[in-house]
Amino acid sequence: MQYFKRIIDLHKYLSEARANGLTIGFAPTMGALHAGHMSLIHDSKQQNDRTICSIFVNPTQFNDPADLEKYPRTVAEDLDLLYDHACDVVFLPGVAEIYPQEGFHTPELDFEGLTDVMEGAFRPGHFAGVAQVVYRLLNIIRPDRLYMGQKDYQQWTIIHSMLDQLQLPIELVMCTTVREPDGLAMSSRNRRLTPEFREQAPILFESLSACLEAILEGSKDYRHLEKIAKEAILTAGLEPEYFQIADGYTLQVAHPAGLSKRLVICVAAWAGEVRLIDNLYLDL
Ligand code: AMP
């Protein structure tokens, strides 16, 4: 496994790989890696000749400075995990490498409401930061395929829209959410949960699963299902921000009489000081 901190060194590696006709898969991360991230590496290794993982805690996507400060940083363990999973290259840029003083071009994008709802509504500016850093990383790496998790479904949809708007020749692959045995979606933030909240946190997956089940059984009152789910989350001691049954493509509130081809059920909730998100989707 090789690792690079500077773009110039990564570029040397990449031009050699390209000269040899090798395909490149890329998984961007913010570190504090776990089995969920490793599934991205695994999928990329299956479909590409070389796999690159970046670790960069992107300051521009944190709307809350305390969240940025508390974000876990575990680079030594991350490198061990990536080595164990035979990742080919790790890109570990500093902030000045990604955001040089001389600036860089960022295109105008129109996400048509995708960024206004759910995470976008509760974390203003978050997706502008995500789109900015992913665009910058794609420009540096120019991979053939980009690997992102279903865990961040809205993020995936927004990046899909960005690739589409810019007509970038990059295939975006959605990797399924990896969960703990009790259903809790793996997340870098889970390590900050107190033992009590860790015990209660699977309520998110349980309420998503119950909602999905109810829809499959023909339940048509989506707003009522959302209300029951929020109550269950509150009863477990978590503080829900939203629990939304949305159209899986437009991310707007879904209605049973609507024409949605896919539904996505998304939840965000506070477990003490830790904000958790999760989702499930259903193709109709
Ligand atoms: P992060 O480091 O949280 O920015 O996540 C980096 C990538 O890993 C994103 O594409 C996430 O969607 C993905 N990811 C995070 N957690 C999981 C998980 N439990 N299962 C699958 N992918 C995940």
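By class, five nonpolar, seven polar and four charged residues line the second largest pocket. Here Ala, Val, Leu, Ile, Met, Phe, Trp, Tyr, Cys and Pro count as nonpolar, Asp, Glu, Lys and Arg as charged, and the others, Gly among them, as polar. A pocket is an open set of points on a 1 Å grid over the protein atoms alone, where a 1.4 Å probe fits, with protein on both sides within 12 Å along at least five of seven lines; lining residues have an atom within 4 Å of a point.

This is a predicted model: local features need pLDDT of at least 70, side-chain atom pairs count only at pLDDT 80 or more, and totals for chains, interfaces and linings use all residues. Residues are numbered from 1 along each chain as its sequence is written, and side-chain values use heavy atoms, without hydrogens and water.

Now select L114, T157, H160, S161 and Y249: of the 16 lining residues, these lie nearest the pocket's centre. Next, colour helix 8, which gives the most to this lining, with seven residues.

Move on to the largest nonpolar core, with 45 residues. Such a core is a set of buried Ala, Val, Leu, Ile, Met, Phe, Trp, Tyr and Cys residues joined through side-chain atoms within 4.5 Å, where buried means under 20% relative accessible area (1.4 Å probe, protein chains only). Select L10, I52, F91, V134, I141, L146 and I159, which have the most contacts inside it. Then show helix 7 (126–141), the source of the largest share, 10 residues.

Last stop: F243, I245, A269 and A271 are included in a second, separate core of 28 residues.

Notes
Buried means under 20% relative accessible area, exposed over 50%, partly exposed in between (1.4 Å probe, protein chains only). Helices (H or I, at least four residues) and strands (E, at least two) are DSSP runs, numbered from the N terminus.
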